[in-house]
Amino acid sequence: MFQNILSLYGLDPQKTTVLQFGDGLINHTWKVNTDKENYILQKVNSDVFKSPAAIDQNLTLLRNYLSKENPEYLFISPVIAINGESLLHIENGYYRLFPFVEGSVSLNTLTKKEEAYEAAKQFGKFSKILDGFNVNELNITIPNFHNLALRFDQFKTACNGASAARLEKSQDSIKFINDHQDIVDTYQEILNNSAIPLRVIHHDTKISNILFDDQNKGLCVIDLDTVMPGYFISDVGDMMRTYLSAVSEEETDFSKIHIRKDFYKAIFDGYMGEMNDVLSEAEKPYFIYAGKFIIYMQAIRFLSDYLQNDIYYGAKYEDHNFNRANNQIELLKQYLKIEAELINL
Ligand code: GN1
Ligand code: MG
């Protein structure tokens with residue numbers, strides 16, 4: 001299969017090696033090394049992204065805008081294949097190839113607050129340099145992706161359709177979710193507030209979606225499939241979800257889950273350093289809420305998937321999504337515990 005794809009880009013399969021790359025849950029990603037340039041090859045998960053062409057169009061729109069308005073920004077566009085396309089449909093899969101930025105590094109775990117600062121700065125900068133772009137031109141690549149009210153309704157549906165065994169096992173987790181519905185109410189309040197605008201939002205701000213240079217400075221953001229109109233709380237919140245704890249959503253020893261307050265400060269300083277003049281006074285008070293919003297939503301998404309027999313995220317072992325959900329619940333508990341202190345950092 002790789003042979004076929006690579007030759008459609010004019011690459012000699014005899015002179016390339018292809019290795020699995022990264023830890024994304026949705027798309028398949030490979031590093032392609034050749035005797036000249038190196039690349040990242042990606043197969044788009046078209047069960048999740050129903051229209052890969054919509055992503056491709058978004059990338060073209062953003063590239064065109066930035067090449068005019070901000071030509072020095074490192075925007076990584078897909079490579080054009082011999083047939084002139086930047087998205088290939090082969091054997092019922094959709095593929096794109098990106099140039100690999102030589103010398104760049106991506107991180108899978110975050111150990112230094114300076115790296116959190118750099119990442120937050122890059123995600124802030126991304127929304128900032130696209131502030132003048134008409135957000136309504138973007139295709140919505142996953143409808144209702146961060147619509148917490150809908151996610152909550154889907155969670156209710158998942159509870160109703162669950163097997164007796166999984167439902168029984170999830171009782172405490174379900175109760176926790178139900179007891180914290182005020183987080184959904186606040187989301188509704190944001191939705192109803194016309195002073196809070198839709199912006200160009202990345203929607204997947206985990207640390208591995210930042211490229212760093214060899215001096216540990218942020219270069220740019222990658223993985224633009226979920227770039228869509230959204231609220232700033234999505235990007236800030238997903239940074240809090242994935243940067244504040246030293247252990248990831250995969251950790252099953254929940255005693256290791258703690259909030260690194262200095263990392264919160266790094267996210268705030270990095271993001272607001274770029275976005276302070278862009279965000280309205282109506283948005284800023286929701287900065288701390290952003291963490292609750294995304295951690296709660298991710299707990300709901302993992303728990304719903306467990307209740308629906310792991311149809312979305314898949315499971316490497318029996319209770320995988322159950323554990324992921326409870327990891328996120330523990331993270332939210334820890335966050336709520338120190339929430340009041342965050343304002344003074
Ligand atoms: C998925 O595929 P990946 O790892 O970039 C998911 C995110 C979740 C994340 C949890 C399209 O992202 O929303 O936060 O898993 N992406 C999609 O690990 O559902
Ligand atoms: Mg992603």
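Guide: The discussion turns to the domains and then to the salt bridges. Please note that this is a predicted model.

Visitor: Into which domains is the protein divided?

Guide: The division gives domain 1, residues 2-99, and domain 2, residues 113-342. Their C-alpha centres are 26 Å apart.

Visitor: How is the size of an interface often given?

Guide: It is often expressed as the accessible area that is lost when the parts come together. Here, domain 1 and domain 2 bury about 2,200 Å² between them, and 67% of that area is on carbon and sulfur atoms. In domain 1, the residues that lose the most area to domain 2 are Leu25, Leu62 and Tyr73, which together account for 27% of what that side buries. In terms of contacts, 24 residues of domain 1 touch 27 residues of domain 2.

Visitor: How many salt bridges and polar contacts are counted between domain 1 and domain 2?

Guide: The count is 1 salt bridge, and 6 residue pairs are in polar contact, both residues being at pLDDT 80 or more. Helix α2, residues 52-69, gives the most to the side of domain 1 that touches domain 2, contributing 9 residues. Sorted by class, that side of domain 1 has 15 nonpolar, 6 polar and 3 charged residues. A salt bridge also joins the side chains of Arg96 and Asp225, with an N to O distance of 3.0 Å.

Visitor: Which residues form salt bridges with Arg199?

Guide: Asp131 is one partner, with the closest N and O atoms 3.1 Å apart. This pair links distant parts of the chain, 68 residues apart: Asp131 is in the loop between α3 (113-129) and α4 (148-161), and Arg199 is in strand β6 (residues 199-201). Glu283 is another partner, at 2.8 Å between the closest N and O atoms. Glu283 lies in the loop between α9 (261-275) and α10 (287-307), 84 residues from Arg199.

Visitor: Why does Arg199 count as buried?

Guide: Arg199 counts as buried because its relative accessibility is 9%, and the cut-off for buried is under 20%. Glu283 is also classed as buried, at 0%, whereas Asp131 is partly exposed at 42%.

Visitor: Where do Lys175 and Asp179 lie?

Guide: Both are in helix α6 (residues 171-179), 4 residues apart, about one turn of the helix. Lys175 and Asp179 form a salt bridge whose closest N and O atoms are 2.7 Å apart. Asp179 is partly exposed, with a relative accessible area of 46%.

How values were computed: Residues are numbered from 1 along each chain as its sequence is written. Chains are lettered from A and ligands numbered from 1 in the order in which they are written. This is a predicted model: local features need pLDDT of at least 70, side-chain atom pairs count only at pLDDT 80 or more; totals for chains, interfaces and linings use all residues. Side-chain values use heavy atoms; hydrogens and water are left out. Domain bounds come from an automatic or database domain assignment. Contact means heavy atoms within 4.5 Å. Buried area is the accessible area (1.4 Å probe) that two parts lose on being put together, summed over both. A salt bridge is a side-chain nitrogen of Lys or Arg within 4 Å of a carboxyl oxygen of Asp or Glu. A polar contact is a pair of N or O atoms within 3.5 Å; within protein, one must be able to donate a hydrogen and the other to accept it, and residues adjacent in sequence count only if both atoms are side-chain atoms. Helices (H or I, at least four residues) and strands (E, at least two) are DSSP runs, numbered from the N terminus. Ala, Val, Leu, Ile, Met, Phe, Trp, Tyr, Cys and Pro count as nonpolar, Asp, Glu, Lys and Arg as charged, and the others, Gly among them, as polar. Buried means under 20% relative accessible area, exposed over 50%, partly exposed in between (1.4 Å probe, protein chains only).
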